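This report looks at how side chains pack in one protein chain. Please keep the sequence and the three-dimensional view at hand while reading.

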Amino acid sequence: MDMNNLLTRNCIIADLNVKSKKQLFQDLARLSAVKIGIDKGNIFDMLFERERLGTTGVGNGIAIPHAKLNDLTHMQVMFIRLEKPINFDAIDDKPVDLIFLLLAPMDASNQHLKALARISRLLRNKNICQKLRCANKEDGIYALLNDLSISNAA
């Protein structure tokens with residue numbers, strides 16, 4: 001599963017300014033609701049419900065909040081780089097600044113797991129994370145992620 005199959009240019013946000021995990025989830029719900037046509041309150045609730053099961057802050061400044069939604073017909077992925085890192089209760093207790101949001105239909109378990117695995121593998125590379133932190137706005141981030149997809153497919 002390539003990143004360019006998961007992520008479109010208009011689903012990248014660079015330098016989002018939030019102060020807390022709650023505010024981040026509110027913004028993610030609002031932004032994704034516009035793109036997928038599902039109530040932002042439902043998205044927010046499902047993100048927090050999943051987070052109650054355990055943190056999606058995977059360490060090294062990275063979080064992969066994800067949820068399954070009843071009314072969703074296709075997977076929705078967003079990449080967000082925060083202006084300043086926030087406390088996210090990550091497994092390593094470090095603040096988070098790189099976020100991949102993954103929303104999937106309820107019946108997409110296999111696809112959902114493959115996307116989570118692909119994103120996790122990508123972000124394990126500290127060099128890639130550093131490049132994402134330094135990339136120039138949305139276009140630079142998209143170009144980097146697209147290049148990584150192409151080079152990993154070869």
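Predicted model: local features only at pLDDT ≥ 70, side-chain atom pairs only at ≥ 80, totals over all residues.

Leaving aside residues up to four places away in sequence, L24 touches L16, V18, L82, I86, F88 and I99.

Helix α4 (residues 109-123) has 15 residues and spans 21 Å from its first C-alpha to its last, close to the 21 Å expected at 1.5 Å a residue. Its buried residues are H112, A115, L116, R118, I119, L122 and L123. Seen down the axis of α4, these buried residues fall within an arc of 165°, so they line one face of the helix, whereas the face turned away from the buried side carries the exposed residues N110 and L113.

The structure holds 4 aromatic pairs. One of them joins F25 and F48, whose ring centres lie 5.0 Å apart with planes at 75°, so the pair is edge-to-face. Because F25 belongs to helix α2 (residues 21-36) and F48 to helix α3 (residues 40-53), the pair ties together parts that are 23 residues apart in sequence. The partners are listed here with their accessibility.

| Residue | Relative accessibility | Class |
|---|---|---|
| F25 | 0% | buried |
| F48 | 21% | partly exposed |

F25 and F48 also form one aromatic cluster with F44 and F88. Over the ring of F88 sits the charged end of K21, 4.6 Å from the ring centre, and F88 is also among the residues that L24 touches.

How values were computed. Residues numbered from 1 in each chain as written. Heavy atoms only, no water. Contact = heavy atoms within 4.5 Å. Helix = DSSP H or I, 4+ residues; strand = E, 2+ residues; numbered from the N terminus. Expected span 1.5 Å × (residues − 1). Buried < 20%, exposed > 50% of the residue type's maximum accessible area, 1.4 Å probe, protein only. Arc of directions from axis to C-beta. Phe/Tyr/Trp six-rings, centres within 6.5 Å; stacked < 30°, edge-to-face > 60°. Lys NZ or Arg CZ within 6 Å of the ring centre and 35° of its normal.
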